[in-house]
Structures are given as C-alpha cells and as structure tokens.
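Good morning, colleagues. Please look at the sequence and the model on the screen while I go through them.

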Amino acid sequence: MKELLIAIASGLVEKPEEVTVTVDEPNEEGVVYYHLHVAENDMGRVIGKQGRIAKAIRVVMRAAANRENQKISVEID
C-alpha cells in the first residue's frame with residue numbers, strides 16, 4: 001500500500017525524491033493512517049484544484065485497501 005501511494009505521488013510532483021510516506025499503527029477501529037509528505041512547492045500538484053487530485057488519490061487507495069480487507073485513510077501533510 002505504501003509503495004502504491006509513493007508511486008502515485010511521485011508521478012505528480014516535480015521532485016519525486018522528496019516524496020515520503022509514514023504509516024501509523026491501526027487505531028481502535030482498525031483504520032491505518034498513511035501520511036504523505038511532499039516538497040512544499042509540490043503541495044498544489046498533489047492537492048489539485050478544489051482538492052480533486054487529493055480526493056482521487058484517496059479513492060484509489062481505499063479501493064486498493066478494500067481488495068485486501070483493510071481500512072485506510074490518506075493524510076497529505
């Protein structure tokens with residue numbers, strides 16, 4: 001899952017070497033939080049106009065998680 005998020009974000013940004021993902025332990029509801037970190041200049045590229053790209057990233061990640069019976073949430077830091 002982490003590799004998928006890195007691959008998606010790296011394709012969107014100008015500095016793919018600065019893309020990092022941290023993963024939290026599952027909370028009491030079983031939700032795993034993925035924190036996406038990109039360069040400050042690339043934040044707009046990852047979020048998109050009115051958050052459309054960020055929503056699309058979250059949809060793809062949730063769909064991949066559902067195939068593995070997981071619950072996840074993607075946070076863009």
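I shall begin with the chain as a whole and then turn to individual residues.

First, the basis of the values. This is a predicted model, in which local features need pLDDT of at least 70 and side-chain atom pairs count only at pLDDT 80 or more, while totals for chains, interfaces and linings use all residues. Residues are numbered from 1 along each chain as its sequence is written, and side-chain values use heavy atoms, with hydrogens and water left out.

The chain contains three helices and three strands. Their order along the sequence is α-β-β-α-α-β. Helices here are DSSP runs of H or I with at least four residues, strands are runs of E with at least two, and both are numbered from the N terminus.

Of the 77 residues, 32% count as buried. Buried means under 20% relative accessible area, exposed means over 50%, and partly exposed lies in between, with a 1.4 Å probe and protein chains only. The accessible surface of the chain comes to about 5,000 Å², and 49% of that surface belongs to carbon and sulfur atoms. These areas come from the Shrake-Rupley method with a 1.4 Å probe; for residues, only the protein chains shown count as cover.

Among contacts with a separation of 6 or more, 52% are accounted for by residues 24 or more positions apart. A contact means heavy atoms within 4.5 Å.

As for charge, there are 10 positive and 13 negative side chains, and the centres of the two sets lie 10 Å apart. Lys and Arg count as positive, Asp and Glu as negative, and His and the chain ends are not counted. Each charge is placed at NZ of Lys, CZ of Arg, CG of Asp or CD of Glu.

Is aspartate 42 buried or exposed? With a relative accessible area of 1%, aspartate 42 is buried. A polar atom of its side chain lies 3.2 Å from the backbone nitrogen of glutamate 14. Leaving aside residues up to four places away in sequence, aspartate 42 touches Val13, Glu14 and Lys15.

Methionine 61 belongs to helix α3, residues 52-67. Its relative accessible area is 0%, so methionine 61 counts as buried. Which residues does methionine 61 touch, not counting those up to four places away in sequence? They are Met1, Leu4, Leu5, Ile8, Ile72 and Val74. Isoleucine 72 is eleven residues from methionine 61 in sequence, and their C-alpha atoms are 7.7 Å apart.

Serine 73 is placed in strand β3, residues 71-76. Its side chain makes a polar contact with the side chain of glutamate 75 at 3.4 Å. A polar contact is a pair of N or O atoms within 3.5 Å; within protein, one must be able to donate a hydrogen and the other to accept it, and residues adjacent in sequence count only if both atoms are side-chain atoms. Serine 73 also touches Val31, Val32, Tyr33 and Tyr34, not counting residues up to four places away in sequence.

Next, the backbone in the loops. Glutamine 50, in the loop between α2 and α3, has a positive phi of about 55° although it is not a glycine. Glutamine 50 is exposed, with a relative accessible area of 69%. Asparagine 69, in the loop between α3 and β3, is also not a glycine, and its phi is positive, near 55°. At 76% relative accessibility, asparagine 69 counts as exposed.

Finally, two glycines. Glycine 51 lies in the loop between α2 and α3 and is buried, with a relative accessible area of 14%. Glycine 11 is found in the loop between α1 (2-10) and β1 (20-23), and it is exposed at 66%.

Thank you; I would welcome your questions.
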